[in-house]
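Please look at the sequence and the model below. The report that follows takes up helix packing and a few individual residues.

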Amino acid sequence: MKYLVGIDIGTSATKSVLFDENGTVIASASYEYPLYQPKNGYAEQDPEDWWTGVKSTLKEITPKATDGSIVGVGLSGQMHSLVLLDEKNEVIRPAILWCDQRCAKECGEMEEAMGGRDRLVAISANPALPGFTAGKLMWVKKHERENFDRCAHILLPKDYIRFKLTGEYATEVSDASGMQLLDVAGRVWSSEICETLGVDMKKLPKLYESADATGYITEEAAALTGLDAGTVVAGGGGDNAASAVGTGVCSDGKAFTTVGTSGVVFAHTKEPIVDFKGRIHTFCAAVRGEWHVMGVTQAAGLSLNWFKNNLAKDKTYPELDIKAAKIPLGSDKLLYLPYLMGERTPILDSDARGVFFGLSALHTQAHMARAVMEGVCYSLYSCLDVFSELNIKLDSMAMCGGGAKSGFWLEMFTDVFGINLHTMKLADSATLGAAILGGCAAGVYENVKEGVERAVKIDKSTAPDNKKHEKYMQYYKLYTGLYLSVKDMYKRLSAI
Ligand code: ADP
């Protein structure tokens with residue numbers, strides 16, 4: 001038997017999973033680490049913690065490949081976070097994470113330096129966002145000049161782990177897309193952006209496609225992980241691009257939604273499709289020569305989690321589901337905007353905050369729970385609305401993340417989206433996607449699509465109720481109107 005390993009460098013933990021070539025989980029292990037917030041809006045991690053996590057989880061799972069050998073490794077991980085190494089490969093400062101908001105000012109300056117937002121979007125396919133890597137790098141350049149000058153290698157989290165495993169400085173197109181230094185349509189580093197921002201291109205990692213072999217496990221890494229020296233390490237993918245492979249979202253018309261702490265809607269596109277208004281992200285896919293679009297709700301599962309912890313302490317999620325399911329569609333005219341952490345797409349409004357609208361004396365805890373779930377559905381639907389405006393047509397949608405554990409929420413998503421939804425046999429799609437990419441580099445699969453056919457399995461499918469969809473759309477119109485009505489108030493609130 002041939003085995004594959006998928007490693008996911010998450011924000012809360014690293015997870016490593018051993019799969020056989022049919023996508024069956026043989027063993028898995030995870031290792032948690034802290035996130036540091038030295039100031040309001042800052043978020044940092046120690047890259048050494050990721051490496052400790054990788055070593056410890058691999059040591060645990062590699063001995064379980066008893067009747068064969070591990071032939072390929074794939075990496076997945078949190079996107080955008082900035083890792084700086086010096087000439088001796090020492091980490092210069094803690095990694096500045098994707099969720100760190102310190103570089104809003106530098107983002108404005110970047111767009112200005114490029115001669116306006118449109119030019120940056122034309123090359124990097126996205127407007128300057130504080131979540132992306134380039135803004136973080138510009139912050140270091142301005143505020144920590146010594147660290148910027150000392151830097152010899154600029155890496156992303158999973159690519160730091162690749163360096164530790166193989167000794168190679170390399171990345172791949174899906175994760176590189178989130179750095180804002182890439183010509184996303186051309187799938188090459190952008191000399192125009194790098195020159196404008198003063199980034200030495202020699203410091204950027206070598207760029208591969210996601211299924212390419214990028215290096216081989218060194219003797220030293222083999223001794224520390226239990227992998228065989230010489231095992232191939234594939235490019236891998238940013239967490240969402242890898243999840244797309246793990247859910248089989250690899251051709252036009254296919255899409256997935258994740259409801260974890262944050263929420264994502266993701267659709268594969270054969271061509272690069274860019275929204276010049278910057279309302280959704282466009283990145284390279286892990287499928288050779290293809291792309292994807294993506295929308296993000298910052299507080300998706302987090303909204304229900306917040307509600308449960310503060311306003312329904314006596315209930316479990318399944319109990320809340322049962323209560324909310326008894327409330328009529330529309331929550332008896334109660335609306336919820338899920339902007340507890342500001343909002344990313346499509347409104348790009350970091351000042352936005354949550355709203356319950358239409359509260360009346362008849363509303364109960366169950367009404368509020370249902371309104372929260374409906375609000376999260378509308379928020380992700382508003383990204384799908386942008387997809388359809390861009391003429392991206394969807395045939396099917398996979399549903400992942402903790403929210404997919406709720407049959408009631410799943411049905412609500414199906415009806416709000418008005419599209420067939422299905423769950424996956426394996427919840428952990430990022431590690432499976434990474435492992436499939438590892439299998440491509442090892443020659444187990446000819447390409448990503450063959451790997452998906454062999455290893456990805458759908459669980460249950462649900463079809464939408466069109467009458468309910470129409471009714472939800474009436475509330476959705478009010479939902480989008482509600483945000484526009486209170487938009488200016490957020491600025492005034494944050495200015496007090
Ligand atoms: P992350 O990986 O981002 O930490 P998860 O994918 O574990 O998050 O999802 C956690 C979220 O899933 C919770 O915040 C909650 O909103 C939702 N969730 C988990 N279980 C259930 C359930 N049984 N019913 C409804 N929602 C659930």
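Which residues in α14 are buried? The buried residues in α14 are Phe408, Trp409, Leu410, Met412, Phe413, Thr414, Asp415, Val416 and Phe417, where buried means under 20% relative accessible area, exposed over 50% and partly exposed in between, with a 1.4 Å probe and protein chains only. The helix, residues 407-417, is thus described as mostly covered, with 9 of its 11 residues buried. Just after α14, Gly418 takes a positive phi of about 65°. Helices here are DSSP runs of H or I with at least four residues, and strands are runs of E with at least two, both numbered from the N terminus.

The model is predicted, so local features need pLDDT of at least 70 and side-chain atom pairs count only at pLDDT 80 or more, while totals for chains, interfaces and linings use all residues. Residues are numbered from 1 along each chain as its sequence is written, and side-chain values use heavy atoms, with hydrogens and water left out.

Two packed helices are described by the angle between their axes and the distance between the axes. The axes are lines fitted to C-alpha atoms, for helices over the stretch in contact, and the angles run from 0 to 180 degrees between N-to-C directions. Two pairs are set out here.

| Helix pair | Residues | Angle | Axes apart |
|---|---|---|---|
| α13 and α17 | 365-389 and 466-495 | about 85° | 10 Å |
| α1 and α6 | 47-61 and 157-166 | about 60° | 10 Å |

The angle in the α13 and α17 pair makes α13 roughly perpendicular to α17, given that angles under 35 degrees count as roughly parallel, over 145 as roughly antiparallel, 65 to 115 as roughly perpendicular and the rest as oblique. Contact means heavy atoms within 4.5 Å, and the residues of α13 that meet α17 include Arg370, Glu374, Tyr378 and Asp385, with His469, Tyr472 and Tyr479 among those on the α17 side. The residues of this contact of α13 with α17 divide into 7 nonpolar, 4 polar and 3 charged, where Ala, Val, Leu, Ile, Met, Phe, Trp, Tyr, Cys and Pro count as nonpolar, Asp, Glu, Lys and Arg as charged, and the others, Gly among them, as polar.

For the other pair, the angle of about 60° makes α1 oblique to α6. The contact is made by Pro47, Glu48, Trp50, Trp51, Val54 and Leu58 of α1 together with Pro157, Tyr160, Ile161, Lys164 and Leu165 of α6. The residues of the contact of α1 with α6 divide into 9 nonpolar, no polar and 2 charged.

Two residues of helix α13 can be followed individually. Glu374, found in helix α13, counts as buried at 1% relative accessibility, and its side chain makes a polar contact of 3.0 Å with the side chain of Ser331. A polar contact is a pair of N or O atoms within 3.5 Å; within protein, one must be able to donate a hydrogen and the other to accept it, and residues adjacent in sequence count only if both atoms are side-chain atoms. Not counting residues up to four places away in sequence, Glu374 touches Leu329, Gly330, Ser331, Met412 and Tyr472. Leu384, whose place is in helix α13, is buried with a relative accessible area of 9%. Leu384 touches Val265, Leu394, Met397 and Phe417, again not counting residues up to four places away in sequence.
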